[in-house]
Amino acid sequence: MALHVPKAPGVPQMLKEGARMLSGLEEAVYSNINACKQFAQSVRSAYGPNGMNKMIINHIEKQFVTSDAGTIIRELDVEHPAAKLMVLASQMQDSEVGDGTNFVIVLSGALLEAAEELLRLGVTPSEITEGYERALDKCLELLPDLVCHEIKDYKDIEAVVAGIKPAIMSKQYGNEDFIARLVAKACVAILPEKTTFNVDNVRICKILGAGLQQSEVLSGMVFKREVEGDITSATKAKVAVYSCPVDITQTETKGTVLIKTADELLNFSRGEESLLEKQIKDIADAGVKVIVAGAKFGDMALHFLNKYGLMAVRLNSKFDLRRLAKTVNATVLPRLTTPTAEELGYCDVVRVDELGDTRVVVFSMETSESRISTVVIRGSTDNYMDDIERAIDDGVNTFKAITRDGRFLPGAGATEIELAQKLLQYADTLPGLEQYAIRKFAIALESIPRTLADNSGANATEVINSIYKAHKDGKQTYGYDIESDGSDACDAKAKGIYDSFLLKNWGIKYAVEAANTILKVNQIIMAKKAGGPKPKAAPGSDDES
């Protein structure tokens, strides 16, 4: 008979074998704060124009070389529950504004670091979180007064370039002018009159070869594909889009055909061919010059397409098919029927181009009313082009933020230092223990210019002092000058270094919410992981995990 070992009294008694429970300041709160500090520290060195790149190899062994925090945290499967909360806050920032993911992580890491010092002094977590909430309300109240620039006309390319450039500069320092102009052209070309701007309507096509300066913007779509038939160009073309294969149609039901003579056999196969020819002839008679299909073109169908001078393009992705239908204003047809005038799309030029040694099919709209524009990126390596794509993505998201709210705050750490200075004055007016939390909040805000200075190799303390000095003299828009050799401050407004108002507004909110949620945790209860025993390792494997 097996010996029954009683469980320890308390919570472990209620839970399954293998469950773990951590509670109290030492086990739960400090361990959470430590994990988050480590996580923020690793992403922190990628912040700003001089941020270092990270090389990440994800779970399917795909390699990324990037300084974009959004990509870093997406590709790392973060396991720790507290660090996961920071990742979620950062992802919320990404979906809300599309930029500033690193800002959220750096700030919430700094807030938790400051909270740890207060906890060791005996301040309770609830008092710290209350102080942080009050500091957040004060920050959101002060932010509108710090606005130093506003874009009112979204169609003015020069104004848009000035707003987008700082977002791109933090990813691609040195190429920001060129990329910002590409993004501004692509976005302004498809800005709708009535509805909101859709980020998905700016497509990116990456083609190896040449250099970044050979990148260009096309109104319309570019596909890295060959055409199926012999015809390689069409102008002022009507376009028919099908989601089915262009081939002899298979019947719905199975049937048996009894053929008695050789003539019947000849007529049977000829009947199929003539039916397909009639279908394609009817399509050609409707004025169609280009057929786009989401599945294969049969050999016989291609023969007739070439005979009637129709251009054939195959797209494997149903999403690409939908986007193309939207670009040329066509309806995707599920069966090979003759399209009506309403179902047909129109495209000015459909042509095959050769970029480097890659052949592409270009659907180009030369009129001003294009719904989709494509940025063709050229570059020497795939990793480099992926990084450019992320920079363009940030630029497009910044443009969307401009269409929602055109206000901008001074960048380069000017906004954070101004808020920190005002919070320190505000803390002096409070009688309770929250004032300590608000002071720490102000110090946490300093972590942004401090990180910029550290990553640029300057003395962070001197940089902070010189910015504080400028702000004491009433120069609200002064921030850290990363181009200076020492620790000088510069006028961020004069240098055109702006941060989107929405980015700062949401970023501070999400950072404080994440930090407060982590501070309010005083127990971690982990159930036993699901699943049976691990599968046996292959013979000769040295995997010990």
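Trainee: Which strands make up the open sheet of three strands, and in what order?

Mentor: The order is β4-β14-β17, and the pairing is antiparallel. β4 and β17 are the edge strands, each pairing on one side only. Strands here are DSSP runs of E with at least two residues, helices are runs of H or I with at least four, and both are numbered from the N terminus. Two strands pair if DSSP finds at least two bridges between them. Before we go on: this is a predicted model, where local features need pLDDT of at least 70, side-chain atom pairs count only at pLDDT 80 or more, and totals for chains, interfaces and linings use all residues. Residues are numbered from 1 along each chain as its sequence is written, and side-chain values use heavy atoms, with hydrogens and water left out.

Trainee: How many bridges hold β14 to β17?

Mentor: Three, with β17 covering residues 498-500. Leu409 sits opposite Asp499 in β17. Over on β4 (residues 149-150), two bridges make the antiparallel pairing with β14 (residues 407-410), and His149 has Phe408 as its bridge partner.

Trainee: Now pockets. What volume does the largest pocket have?

Mentor: First the general idea. On a 1 Å grid over the protein atoms alone, a pocket is an open set of points with protein on both sides within 12 Å along at least five of seven lines, whereas a cavity is a set where a 1.4 Å probe fits but cannot get out; lining residues have an atom within 4 Å of a point. Points are joined across faces, edges and corners, and the volume is the space filled by probe spheres set on them. Here the largest pocket comes to about 730 Å³. It has 44 lining residues, and those closest to its centre are Pro49, Pro166, Ser170, Ile497 and Asp499.

Trainee: Which element gives the largest share of that lining?

Mentor: That's α7, with six residues. By class, the lining has 21 nonpolar, 12 polar and 11 charged residues. Nonpolar covers Ala, Val, Leu, Ile, Met, Phe, Trp, Tyr, Cys and Pro; charged covers Asp, Glu, Lys and Arg; the others, Gly among them, are polar.

Trainee: And what about the second largest pocket, how many residues line it?

Mentor: There are 24, with Ile204, Asp386, Glu389, Arg390 and Asp393 nearest the centre. Its space is about 550 Å³. The classes are six nonpolar, five polar and 13 charged, and α12 gives the largest share, six residues.

Trainee: Back to α7. Where is its kink?

Mentor: A bend is the angle between axes fitted to the seven residues ending at a residue and the seven starting there. In α7 the kink is about 30° at Gly163, shortly before the proline Pro166. As for length, the expected span is 1.5 Å times one less than the number of residues. The 13 residues of α7 should therefore span 18 Å, and the end C-alpha atoms are 17 Å apart, which agrees.

Trainee: Is Lys236 buried or exposed?

Mentor: Buried means under 20% relative accessible area, exposed over 50%, and partly exposed in between (1.4 Å probe, protein chains only). Lys236 counts as exposed because its relative accessibility is 62%. Lys236 lies in strand β7 (residues 233-242), and its phi is near 45°, a positive value in a residue other than glycine. In α7, by contrast, the buried residues include Gly163 and Pro166.
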